[in-house]
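Hi everyone, thanks for coming.

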Amino acid sequence: TSAKYSGSTSSGTYIEGLGFAIPINTALKVAYDPVDYGYVKGQAYLGVTVRTLDSQTASYYSLPAGPRVESVNEGSCAAKAGVQVGDIIVSFNGTEVSTQAELLAALKKVQAGDTVEMQVYRAGADVTLTVTLDEKPSQEELDAQTQAVQEQQNQQQQQQSGNGYPD
């Protein structure tokens, strides 16, 4: 991609060319992997669902702001490392994270198979976990995992409310 930036000075108009490049190996991988495998291989995957605990809510409850773990996929690298529902992720691979977007950005900087340290806040204490990252599954597998988690949550809600039918 390239662009032209124009402006003017007291001595006249100027145009400066800007160029952006994507390394060819990255471009080829992103172009061919979906065709060959149905997804881009080698992308890191943590195996959790998170929701950002914003600073205002976190402050009210005297908690750190950050991605709060809502669910942990059974058998995932996160489950094997001991990540639990309710954990608040405060750093990932040495980078502080305070939102879901920051966690995703940090996750994109590593590859499947990498071992990273992740610091979580759990029950009033900071806990450091070592995680060997999984490979991100195909979209079909992700959809099936999401559906399984939703069904499990629905069953738990029905059990907590009795028979699941209004009185």
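Before we look at any residue, one definition: a residue is buried under 20% relative accessible area, exposed over 50%, and partly exposed in between. Please also keep in mind that this is a predicted model.

Let's start with leucine 63. You'll find leucine 63 in the loop between α2 (55-60) and β5 (66-72). Its relative accessibility is 32%, so leucine 63 counts as partly exposed.

Now for the charged side chains. How many salt bridges does the structure hold? There are two.

One of them joins arginine 68 and glutamate 70, with a distance of 3.0 Å from N to O. Is glutamate 70 buried or partly exposed? Its relative accessible area is 26%, so glutamate 70 is partly exposed. Arginine 68 comes out at 29%, and counts as partly exposed for that reason.

The other salt bridge pairs arginine 122 with aspartate 87, and here the closest N and O atoms are 2.7 Å apart. Where do these two sit in the chain? Arginine 122 is in strand β8 (residues 115-122), while aspartate 87 is in the loop between α3 (77-81) and β6 (88-92). The pair therefore ties together parts that lie 35 residues apart in sequence. As for accessibility, arginine 122 and aspartate 87 are both buried.

That's my tour, and I'm happy to go back to any part of it.

Terms used. Residues are numbered from 1 along each chain as its sequence is written. This is a predicted model: local features need pLDDT of at least 70, side-chain atom pairs count only at pLDDT 80 or more; totals for chains, interfaces and linings use all residues. Side-chain values use heavy atoms; hydrogens and water are left out. A salt bridge is a side-chain nitrogen of Lys or Arg within 4 Å of a carboxyl oxygen of Asp or Glu. Buried means under 20% relative accessible area, exposed over 50%, partly exposed in between (1.4 Å probe, protein chains only). Helices (H or I, at least four residues) and strands (E, at least two) are DSSP runs, numbered from the N terminus.
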